[in-house]
Amino acid sequence: MHEASLAQQVAASVAQAVDPARHADVAEIRCRIGALSGVQPLLLEGAWEVIAPITPFVQARLVCEPVPVRVRCAPCEDDFAPVGGRYACPTCGAPSAHVVAGLELLVSQVVFAAPATAPLS
């Protein structure tokens, strides 16, 4: 299950990007996962539940956003979603293999918990 090692990489990436003083404040980590990335979003989220307790982000939730495949047609420059595994442009019919979305696996956002506030006296 390579999702476990990917969950560890997500934690490492966020740890590197976030000030260590704020690690405990991370409430949610959002990822974008392309349909052609070879990663199953539900398995990655499940792996996160196992990995999170041994990271600085014990309380953080991992939320995976699936990204559908989008292809760009070279002749007419239209972007389209392949239908039924067909990568032919619906506008001009040309075969197209230039994938512009659906390959990614990236941390798109880190959400911090609202800071605790003291009541005004």
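1. Helix α1 lies across β1, β2 and β6, at about 55° to β6. Helix α2 also packs on the sheet, touching β1, β2 and β6, and its direction makes about 170° with that of β2. Axes are lines fitted to C-alpha atoms, for helices over the stretch in contact, with angles from 0 to 180 degrees between N-to-C directions. Helices (H or I, at least four residues) and strands (E, at least two) are DSSP runs numbered from the N terminus.

2. This is a predicted model, in which local features need pLDDT of at least 70, side-chain atom pairs count only at pLDDT 80 or more, and totals for chains, interfaces and linings use all residues. Residues are numbered from 1 along each chain as its sequence is written, and side-chain values use heavy atoms, with hydrogens and water left out.

3. The open sheet has three strands in the order β2-β1-β6, with mixed pairing. Its edge strands are β2 and β6 (105–112). Pairing requires at least two DSSP bridges between two strands. β1 and β6 run antiparallel and are joined by seven bridges; Arg32 stands opposite Leu106 in β6.

4. Beyond its neighbours within four places in sequence, Trp48 is in contact (heavy atoms within 4.5 Å) with residues including Val10, Ile29, Phe57 and Leu62.
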